[in-house]
Amino acid sequence: MAIAGDQTMQEESEEDILAEAIQSAVELVGREELDLNVMAFESLVALVDPLKTMPDIALNACKTIVANDSKDKSASEIRGAIAALLRNGSLHDDEGDAIISDFNEILKNLALCLLSKTFANMLNKRCLETAIQDNSEWFLDTLIPSLVDAVKSAKDRPHDALYASDCLSNLLRASKDLLKRADEENALSALEEAKAFGSTHHKSLANATEKGITMLESYS
């Protein structure tokens, strides 16, 4: 009985840790100060990384971040922030002086890094496909077009393109619907161009495009 009780307490403790971490990030994401927004995304990147956080907490954090609002609203502001960064390049209606522009570039890169780590963890644990099915509209209509656009920016933003290529590779492995959507968005040509640029300027980027290219070539 003591063992069962200890396990229940551990599970409750892990739930509390996750809830507090998500709530803290949500509060920082909602602030106007860009340095606090950066802190929020840095904390989330660490939270979903099983090498930096307890594996069960990391996986549950991944599931929470990509959940459908109808099932879990605790991270809806985070999903909204990710969408804003990927679509608009900023969280706020900022006029672009150099400092604000630098912060926004950091934030977009962190958002892509967060997604890359999230999808890799979930694919490894075989729960990414279910998450996509549960929140298909967000994946199909928001993420895929935005990720393809990020890949297209490889010459100007190679690190963004690297994370976006990683995201696409994992998403396309998990869902035929996303593979079809990526094909409609001309992801193959975007990845091929990114690979060509990466082969001479950014080896990690070139490597990151290969799985996505292979899958899209097979699909086409």
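## Charged residues at a glance

Glu 33 has a relative accessible area of 34% and is therefore partly exposed (buried means under 20%, exposed over 50%, partly exposed in between, with a 1.4 Å probe and protein chains only). Arg 31 is its salt-bridge partner, with the closest N and O atoms 3.2 Å apart. A salt bridge here is a side-chain nitrogen of Lys or Arg within 4 Å of a carboxyl oxygen of Asp or Glu. Arg 31 is partly exposed too, at 38% relative accessibility.

## About the model

This is a predicted model, in which local features need pLDDT of at least 70, side-chain atom pairs count only at pLDDT 80 or more, and totals for chains, interfaces and linings use all residues. Residues are numbered from 1 along each chain as its sequence is written, and side-chain values use heavy atoms, leaving out hydrogens and water.

## Overall fold

The chain has 11 helices and zero strands. Helices (H or I, at least four residues) and strands (E, at least two) are DSSP runs, numbered from the N terminus.

The C-alpha trace spans about 60 × 45 × 30 Å along its principal axes. Of the 220 residues, 48% are buried. Contacts (heavy atoms within 4.5 Å) also reach along the sequence. Among those with a separation of 6 or more, 69% join residues 24 or more positions apart.

The chain carries 21 positive and 39 negative charges, and their mean positions are 8 Å apart. Lys and Arg count as positive, Asp and Glu as negative; His and the chain ends are not counted. Each charge is placed at NZ of Lys, CZ of Arg, CG of Asp or CD of Glu.

## More salt bridges

Side chains of opposite charge can pair when their charged atoms come close. The structure holds eight salt bridges. One of them joins Asp 69 and Arg 79, at 2.5 Å from N to O. This pair links distant parts of the chain, 10 residues apart: Asp 69 sits in the loop between α3 (55-65) and α4 (76-88), and Arg 79 lies in helix α4. Asp 69 is partly exposed at 36% relative accessibility. Arg 79 is buried, with a relative accessible area of 5%.

Arg 181 and Glu 185 form another salt bridge, their closest N and O atoms being 2.6 Å apart. Arg 181 counts as buried at 18% relative accessibility. Glu 185, at 22%, counts as partly exposed. Elsewhere, a network of salt bridges links Glu 105, Arg 157 and Asp 160.
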